[in-house]
Structures are given as structure tokens and as C-alpha cells.
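Subject: Structure handover

Hello,

Here is the structure I promised to pass on. Please open it first, then read my notes below.

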Amino acid sequence: MKVVVIGIGLIGGSMALEFKRIDPTITLVGIDQNDNHLDQAMAMGVIDQKGSMKDIDTADRVVLSIPVKASLHLLPTVLDRLPSNALLMDVGSTKAALCAAVAAHPKRQNYLAAHPIAGTEFSGPSAAHLGLFEGKPQILCQAKKTKPELLQWAKAQFRQMGMYLRFMEAEEHDRHMACVSHLSHISSFMLGKTVLEEEADEQNIFDLAGSGFESTVRLAKSNPDMWAPIFEQNKANVVDILSAYIANLEQFKDKLVKHQIEDLHQQMKNTNQLSTILNGIKHNN
Ligand code: NAP
């Protein structure tokens, strides 16, 4: 089997490693705009060969793992070239625009819209590793539109990676992601920006910031090349959730100015229930 991964970074590289672990007989071909990444992926054994778009013509499986704006442009072209019994899946963090881009494509059945809820703030093939997807959800959107035998293959692969499957519509996916993922990244980026602007002495940031600061701004180390297109593609949902978040921040400031400390205390106490929710989610896995 010939598997082509376009975008051999954190997600594409980790998926390539998993495919190879599951079936060592596959040939893994990497395509990437970044030649250094292809060299690194070869050296690390993540891919067997460097390839080009011509490899799509003879591929059995193709994974598209590049920033979502580039995916939107490339998806129909890759589908055009794909053999009629092959599968193309993308792993992008937005789904509605990508599904819409190929909705009327004659090979729509060869496409699977996936989003592994797994990742780190690091990028490139050096960040790729086995086990990244273990215990994590794989969201599949509009799965009924994918040919059953291709869907079955993909589901079996994800399960062998230790993932559990969630199915939803693409629009629903984007709404949920704006809330639980995209907002956290914006909030982390803007927290980091505020601290950099207000705390002129970098040594103070280094010396005085505790682990709370470090864990809250972890996501601010994420790659803007990946995140700017996500915010752009999910703009309507992100703007809605940002408005709700800003209203909460304004309200917090207002209560503090008015010395309504009991109210703030109660709000923080109510928010502590997140810990139960998140522990429950881990337990359910
Ligand atoms: P990454 O580590 O930066 O890897 C992406 C790779 O694709 C890089 O080597 C990049 O090269 C290359 N690339 C960019 N545009 C390209 C194009 N037009 N043609 C060919 N290669 C191109 O990114 P990632 O974190 O793996 O993310 C990949 C996809 O997975 C994104 O759609 C993202 O939304 C999704 N995703 C990410 C996470 C996460 O936490 N990171 C989680 C789930 C899903 P350059 O270095 O030159 O840019």
C-alpha cells in the first residue's frame, strides 16, 4: 500500500509513524513545501521517500496535513488526481469550509473529513512522535458521505492508534472548536501579548512568573502559520465566542472596581467545576 502524507509536520509526521507501526509493509511518501522538513523526516525514518504531486496518481491513501487555508486550495486538486479506489483525508482544525469545497466533487466519496484532537504547541517533523493520538478523540465529519469500505479502513487505523471516534456535522464541529479550542489559543496569545507589553523587563518575567503563568501561556508558543488560517476560516464562530469572553472579562473588571468580591469569589467557585468535568472526561476514556 502506498500512503502519501502532504505536510510532514507534527500531525502528518505522527500519523505517518503510526501508519508504519500498524503496517510496516506500507510505502510512506512525504510531500512538503519545506525541504528541510522532508530531509528531517527521511533521517528520522518518518517517511520512506520524498515525493511530488505526481505520487497522488498512484496513491492508495493520502493524508492532507497542512494549514487549513492551503488545504482549502489543495483539497479539490488532490481529489481530482486521486485514483478511484483511494482515500483522501484531511486532519485540519476546521471542517465546514473544507467539506463545502468538495461537496459537489465527483469523488466526494473518496474524501474523509477528520480532526484528531491531539497536538502540542510544537511543529515540524521533529515534534512528531508515536503515541500522540493515544487516548484522544478523532472527530469525523459527514462520515456517511465517505465510501463505507474506505471509512472502515480509516476507523480501524484510528482505533489501532488508541483513538476513540466522535461523529458530527462539520458546522457543529466548528462551533464546538471555536469554544473549547480556538478561544483558549486566542486567550493565551493575548495574555502573552499583554504581559510582554506591560512587563518591560524580560528578567522579571523569567524570575517571577510561576508555573500558572507558564501553563496558561503554553498555547501562545503555537505556530501562527497554522492558527491565523484557523481563526480566519472559523471567523463567525470565533467572533461570537470572543464577544461572550470579552463580556465576562469586562464584568470581572467591573465587579472588582466596585469591590463586589463575594460575587467574584462565587463565580470562581462555580468555575472550579471544570476540574470535575475534565477529570470525568479523562476517566471516561
Ligand atoms: P506543522 O507541524 O507546521 O506541519 C505542517 C507542514 O506542512 C510543515 O512542514 C509546512 O511547511 C508544510 N506546509 C505548509 N503549507 C504547505 C503547502 N501548501 N504544501 C505543502 N506543505 C505545506 O503543522 P501541524 O501542527 O502538523 O498541523 C497540520 C494540520 O493539522 C493543520 O491543518 C492543523 O490545523 C491540523 N491540526 C493541528 C493540531 C496541532 O495541535 N498542531 C491538532 C489537530 C489538527 P513550513 O514549515 O514551510 O510551513
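The ligand is surrounded by 26 residues, where near means that a heavy atom of the residue lies within 4 Å of the molecule. The closest are Asp32, His37, Ile66, Ser93 and Gly124. Note that this is a predicted model: local features need pLDDT of at least 70, side-chain atom pairs count only at pLDDT 80 or more, and totals for chains, interfaces and linings use all residues. Residues are numbered from 1 along each chain as its sequence is written, and side-chain values use heavy atoms, with hydrogens and water left out.

The shell holds 11 nonpolar, 14 polar and 1 charged residues. Here Gly counts as polar, and Asp, Glu, Lys and Arg count as charged.

Now the polar contacts (pairs of N or O atoms within 3.5 Å; within protein, one must be able to donate a hydrogen and the other to accept it, and residues adjacent in sequence count only if both atoms are side-chain atoms). A polar side-chain atom of His37 sits 2.6 Å from a ligand oxygen. For Leu10, a backbone N or O atom lies 2.9 Å from an oxygen atom of the ligand. A side-chain N or O atom of Asn34 is 3.1 Å from a ligand oxygen. The protein buries 86% of the 890 Å² that the ligand exposes when taken alone (Shrake-Rupley method, 1.4 Å probe).

Asn34 also caps the N-terminal end of helix H2 (residues 35–44). Its side-chain oxygen lies 3.0 Å from the backbone nitrogen of Asn36. Helices are DSSP runs (H or I) of at least four residues, numbered from the N terminus.

Where does the ligand lie relative to the domains? Domain 1 (2–169) and domain 2 (173–280) both give residues to its shell, so the ligand lies between them. These bounds come from an automatic or database domain assignment. The C-alpha centres of the two domains are 30 Å apart. In contact (heavy atoms within 4.5 Å) are 18 residues of domain 1 and 16 residues of domain 2.

Best wishes

How values were computed:
Helices (H or I, at least four residues) and strands (E, at least two) are DSSP runs, numbered from the N terminus.
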